[in-house]
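Subject: Handing over a structure

Dear colleague,

I am passing this structure on to you, and my notes on it follow below. Please look through the sequence and the model first, and then read on.

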Amino acid sequence: MSRRSIFYSLVVVVMVALLMAVPFATRTPAQVSSSPNSPPLRNLIQVFEPVMMPGATAYSVFTTEATSAHQVWYRVSGGDALFRQRLRVYQENASPRPQNQLPPDSARRQEITSNNPTGWFMFPPEAGVFTYYFDGDHRSRTGSGWDDAFGLKVQRTRFANGNLYDLGFEDQESLDDFNDLELQVVILQPLP
């Protein structure tokens with residue numbers, strides 16, 4: 001074998017090793033679903049009236065049964081905003097905190113800086129007491145800092161195996177339409 005072919009073989013082996021090692025080295029608890037379908041919710045039970053929450057900057061969903069497994073799915077469904085939007089998602093192995101109090105940054109699992117629709121993200125199934133926080137922010141200029149949302153609209157839909165939450169964040173103090181950053185959150189419990 002020539003030196004050139006040995007060198008190229010070595011380069012290929014190193015590239016394959018790197019491609020295999022990178023996914024194991026990075027931890028991503030919420031991953032895009034490989035399925036184009038939505039979460040497997042079953043049997044609609046009740047659609048509740050929307051609730052307006054002026055002053056709310058974040059929303060949390062949490063487990064209701066610590067002994068059975070649960071799974072959380074979420075996606076940005078869109079938005080119509082004058083300002084740039086940001087969604088931050090947190091997962092904490094604890095009971096819910098008071099309104100608008102977020103866990104430490106070490107509990108943040110994802111940040112999306114757009115209100116463009118995304119596919120579904122899902123956390124791995126968990127058992128125990130968990131709370132998931134969805135925080136909406138905005139900023140008026142690219143170089144400026146992020147500001148908290150001024151309010152939130154929540155509509156809950158109950159299914160036999162979980163809840164669907166339609167969330168709409170407001171980026172204007174006048175609280176006009178609650179559609180600047182819109183997302184859907186699903187908590188499945190018990191798992192199908």
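How many aromatic pairs does the structure hold? The structure holds 7 aromatic pairs, where rings of Phe, Tyr and Trp (its six-membered ring) pair if their centres lie within 6.5 Å, and planes under 30 degrees apart count as stacked, over 60 as edge-to-face and the rest as tilted. One of them is formed by Tyr74 and Phe121, whose ring centres are 5.3 Å apart and whose planes meet at 20°, so the pair is stacked. Because Tyr74 lies in strand β5 (residues 71–78) and Phe121 in strand β8 (residues 121–122), this pair ties together parts that are 47 residues apart in sequence. Tyr74 and Phe121 are both buried, a word that stands for under 20% relative accessible area, with exposed meaning over 50% and partly exposed what falls in between (1.4 Å probe, protein chains only). Tyr74 and Phe121 also belong to one aromatic cluster, together with Phe123, Phe130, Tyr132 and Phe134.

Before the rest, a word on the basis of these notes. This is a predicted model, in which local features need pLDDT of at least 70 and side-chain atom pairs count only at pLDDT 80 or more, while totals for chains, interfaces and linings use all residues. Residues are numbered from 1 along each chain as its sequence is written, and side-chain values use heavy atoms, with hydrogens and water left out.

As for the chain as a whole, its secondary structure comes to 1 helix and 13 strands, where helices (H or I, at least four residues) and strands (E, at least two) are DSSP runs numbered from the N terminus. Of the 192 residues, 39% count as buried. Among contacts (heavy atoms within 4.5 Å) between residues at least 6 apart in sequence, 75% join residues at least 24 apart.

Leu82 gives a local example of contact across the sequence. Leu82 lies in the loop between β5 and β6 (84–92), and it counts as exposed because its relative accessibility is 69%. Leaving aside its neighbours within four places in sequence, Leu82 is in contact with Asp171 and Gln172. Leu82 and Asp171 are 89 residues apart in sequence, yet 8.4 Å apart in space, C-alpha to C-alpha.

Some backbone details also deserve a look. Most residues other than glycine have a negative phi, and most peptide bonds are trans. Asn100, in the loop between β6 and β7 (108–112), has a positive phi near 70°, and at 34% relative accessibility it counts as partly exposed. Phe178, in the loop between β12 and β13, has a positive phi near 50°, but at 8% relative accessibility Phe178 counts as buried. The peptide bond from Gln189 to Pro190 is cis, with omega near 0°, and Pro190 lies in the segment after β13 (181–188).

With kind regards
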